[in-house]
Amino acid sequence: MVYAHAPVMAQEVMELLRPEAQRKYLDGTLGGGGHSEKILELSSPDGMVLGLDWDEEAVAAARQRLERFGDRLVVRRANFREARGILQQLGWGRVDGVLLDLGLSSHHVESAERGFSFHAQARLDMRMDRRRTLDASEVVNSFSVSELARILREYGEEPRARQIALAIDAQRKRGRIANTKELAQLVARVAGRKRGRIHPATKTFQALRIAVNRELENLEGFLEDAYELLRSNGRMVVISFHSLEDRLVKQAFRKWSRSCICPPKTPICRCGWSQQVKLLTSRPRLPSHAELEHNPRARSAKLRAVERL
Ligand SMILES: C[S@@+](CC[C@H](N)C(=O)[O-])C[C@H]1O[C@@H](n2cnc3c(N)ncnc32)[C@H](O)[C@@H]1O
């Protein structure tokens, strides 16, 4: 299958990262290599990219697409949380630019057998990294009702979280919930018919995917000290696709840009913190109308960026 994914907000990303020759960049979510391709083109003849992705299909597709750049591209199948160690192993130390373009690629959604879509019948999988053992089937069939309800409420912002969790529990007592269609139909029975153009199972599927891939934990872990990956004047750009991710990015960037993080009203600063970055986007940037016309999947994208002092 061809790996199809159009890079989101590519022009804005390049304007912010300003790729240049002799510089080094980290693309923590390589995907099909669309953004990395542009970075490599703009940083010709000798700019370098370390591309990370935990999905073996993404890694294979990007290697093939970017073959012409030879050893200017280094690819590792890894979680972006491991970026610091990989940069050290490579002897790169710090980089001039970091990009995270979070979430799923179009390839994930379109590959029915990966189990991300409720439009096709498939095993409940939803793992982006198939070396991991926890998949959606295990979450749905073995997590407690209260844990399921928490996942649906917190990660899906699903108002009928508890009813759906109870319905899942009733169904699985009769036999394992085996596939995406079965789950989507069950959710539709509880959560009602389509809300406008949105399928009633959309929130449930989003929540399960976030839980299976520990998406928020990975982002949070990365954001703890990711400014340290940047050289002075280096820039970081993060594109997120739902409010939970965007909130983590906003909070981290705000913290890094403050000169003190003591609790409010503390008379004397004791935190020892110092400003690490300046904000390049006081509000998130959104995709242009022109982009949305030819790539509707970009519609929930929010881009934030900082520059290391
Ligand atoms: C939206 S796609 C990136 C598309 C890419 N920018 C392009 O232009 O083709 C997101 C990619 O990030 C990967 N990904 C998500 N979370 C990850 C993580 N914690 N570590 C490594 N890769 C991750 C997914 O497997 C997916 O391939």
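Predicted model: local features only at pLDDT ≥ 70, side-chain atom pairs only at ≥ 80, totals over all residues.
**Ligand shell**

Residues are numbered from 1 along each chain as its sequence is written.

I then listed the shell: 20 residues surround the ligand, and the closest are Pro7, Thr29, Gly31, Gly34 and Asp55. Helix H2 (34-42) and strand E2 (48-53) each supply at least two shell residues. Helices (H or I, at least four residues) and strands (E, at least two) are DSSP runs, numbered from the N terminus.

I picked His35, which lies in helix H2. His35 is buried, with 26 other C-beta atoms within 10 Å. The cut-offs are 20 or more other C-beta atoms within 10 Å for buried, 12 or fewer for exposed, and partly exposed in between, with C-beta atoms placed from the backbone. Apart from neighbours within four places in sequence, I find His35 in contact with Pro7, Ala10, Val13, Asp27, Leu99 and Asp101. Contact means that the C-beta atoms, placed from the backbone, lie within 7 Å. His35 and Ala6 are 29 residues apart in sequence, and their C-alpha atoms are 9.0 Å apart in space.

In the loop between H2 and E2 I found Pro45. The peptide bond joining Ser44 and Pro45 is cis, with omega about 5°.

**H1 and its ends**

I checked the segment before helix H1 (10-17), where Met9 sits. Met9 is not a glycine, yet its phi is positive, about 50°. Met9 is also buried, with 23 other C-beta atoms within 10 Å.

In H1 itself I list Glu12, Val13, Leu16 and Leu17 as buried. Down the axis of H1 they fall within an arc of 125°, so they line one face of the helix. The arc is that of the directions from the helix axis to the C-beta atoms. These buried residues pack against strand E1 (24-27), H2, strand E4 (95-101), E5 and strand E7 (302-308). Just after H1, Arg18 has a positive phi of about 45°.

**Cores**

I looked for nonpolar cores, that is, sets of buried Ala, Val, Leu, Ile, Met, Phe, Trp, Tyr and Cys residues joined through C-beta atoms within 7 Å. The largest has 51 residues, and Val98, Met236 and Val237 have the most contacts inside it. Strand E5 (residues 230-240) gives the most to this core, with five residues. A second, separate core of 29 residues includes Ala149, Ile168, Ala191 and Ala207.

Strand E5 also holds Asn233. Asn233 counts as exposed, with 10 C-beta neighbours inside 10 Å. The phi of Asn233 is positive, near 75°, in a residue other than glycine.

I compared the length of helix H7 (residues 145-156) with expectation: at 1.5 Å a residue its twelve residues should span 16 Å, and the end C-alpha atoms are 15 Å apart, which agrees. The expected span is 1.5 Å times one less than the number of residues. Buried in H7 are Leu148, Ala149, Ile151, Leu152, Tyr155 and Gly156. They cover an arc of only 170° around the axis, which puts them on the same side of H7. I find them packed against helix H8 (161-174), helix H10 (202-212) and helix H12 (243-257). Glu157 follows H7 and has a positive phi, near 50°.

From the H10 side I took Ala207, which belongs to that helix. Ala207 is buried, with 23 other C-beta atoms within 10 Å. Beyond neighbours within four places in sequence, Ala207 is in contact with Ile151, Leu152, Tyr155, Gly156 and Glu158. Ala207 and Glu12 are 195 residues apart in sequence and 29 Å apart in space, C-alpha to C-alpha.

Key
Near = placed C-beta within 6 Å. Contact = placed C-beta atoms within 7 Å.
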